[in-house]
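Trainee: I have a model open in the viewer. Please show me how to read it, feature by feature.

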Amino acid sequence: MARRQRRRAGGGGLQAAMPSLTSLMDVVTIILIYFVKTFAASPITVQDPSINLPISTSLDTPEDAIVVMVTGTERKERSPDGRTILVEAIPVISVDDAVVLELDKNFTVPKSALSGQFIINPLKRKLLEVKKMQNITSQLTEKESSGGKIIFVLDKNVPFSFLSQILATAGSAGFPEFKFATVKAEE
């Protein structure tokens, strides 16, 4: 009789050691929400302070694609007293964070880097290399390649003549689809 009363009163040592499944699920849910909120904010992050993106009211969200970035001629930096100042910078073209070519302050491509009037050779070589890697990856993973999509992250001061060179180069490298990254306008 004494054993029965002890079992009912204390429940044995086994139940006291097991954690509650409800509290464990709460913790996992909170962590999951944190990660989703943290990583789903923006598929493209522009951390280069020399890029001043144009503003857009479009509701489209960027998709997975190659990122071609052209930095601007000014970089925002903090002065020792905490103010934001503009410092001169050299514009560069980069593909997926790999610098491809330095430009002059007027976004002029050196003659030695051009084929004809519009094709930028170093950019075309890098785009062809990335496309080749995408094709190899899609064959190995048996998944369809996102092939042919570029997101251009350009400073809003890039001249149209330079923009036409970049677009012609992307087209000649086999990338017919493109989008431009912009900053969403505040409503």
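Mentor: We will take the sheet, the helices, the cores and the salt bridges in turn. This is a predicted model: local features need pLDDT of at least 70, side-chain atom pairs count only at pLDDT 80 or more, and totals for chains, interfaces and linings use all residues. Residues are numbered from 1 along each chain as its sequence is written, and side-chain values use heavy atoms, with hydrogens and water left out.

Trainee: In what order do the five strands of the open sheet run?

Mentor: Strands of a sheet pair through backbone hydrogen bonds, either parallel or antiparallel. Strands here are DSSP runs of E, at least two residues, and helices are runs of H or I, at least four, numbered from the N terminus. Two strands pair if DSSP finds at least two bridges between them. In this model the order is β6-β5-β2-β9-β10, with mixed pairing. The edges are β6 (98–102) and β10 (177–180), each pairing on one side only. Neighbouring strands are turned by 20 degrees against each other on average, direction ignored.

Trainee: In which sense do β9 and β10 pair?

Mentor: Parallel, over four bridges; β9 covers residues 149–154. Lys 149 stands opposite Glu 177 in β10.

Trainee: Which helix packs on the sheet?

Mentor: Contact means heavy atoms within 4.5 Å. Axes are lines fitted to C-alpha atoms, for helices over the stretch in contact, and angles run from 0 to 180 degrees between N-to-C directions. Helix α5 (residues 160–172) touches β2 (66–70), β5 (92–95), β9 and β10. Its direction makes about 160 degrees with that of β9. Just after α5, Gly 174 takes a positive phi of about 95 degrees.

Trainee: How do I check the span of α4?

Mentor: The expected span is 1.5 Å times one less than the number of residues. Helix α4 (residues 121–141) has 21 residues, so it should span 30 Å; its end C-alpha atoms are 30 Å apart, which agrees. The 13 residues of α5 should span 18 Å, and the end C-alpha atoms are 18 Å apart, which agrees.

Trainee: Which residues of α5 are buried?

Mentor: Buried means under 20% relative accessible area, exposed over 50%, partly exposed in between (1.4 Å probe, protein chains only). In α5 the buried residues are Phe 162, Leu 163, Ser 164, Gln 165, Ile 166, Thr 169 and Ala 170. Buried residues of α4 include Leu 123, Leu 127 and Val 130.

Trainee: Which residues of the largest nonpolar core touch the most other members?

Mentor: In soluble globular proteins, nonpolar side chains tend to be buried together. A nonpolar core is a set of buried Ala, Val, Leu, Ile, Met, Phe, Trp, Tyr and Cys residues joined through side-chain atoms within 4.5 Å. The largest core has 26 residues; Val 68, Val 70, Ile 93, Ile 120, Leu 123, Leu 127 and Phe 162 touch the most other members. The largest share, four residues, comes from α5.

Trainee: How many salt bridges does the structure hold?

Mentor: Side chains of opposite charge can pair when their charged atoms come close. A salt bridge is a side-chain nitrogen of Lys or Arg within 4 Å of a carboxyl oxygen of Asp or Glu. There are three. Arg 83 pairs with Asp 81, closest N and O atoms 2.9 Å apart. Glu 88 meets Lys 105 at 2.4 Å, N to O. Lys 126 meets Glu 129 at 3.5 Å, N to O. Lys 126 and Glu 129 are three residues apart in α4, so about one helical turn separates them.
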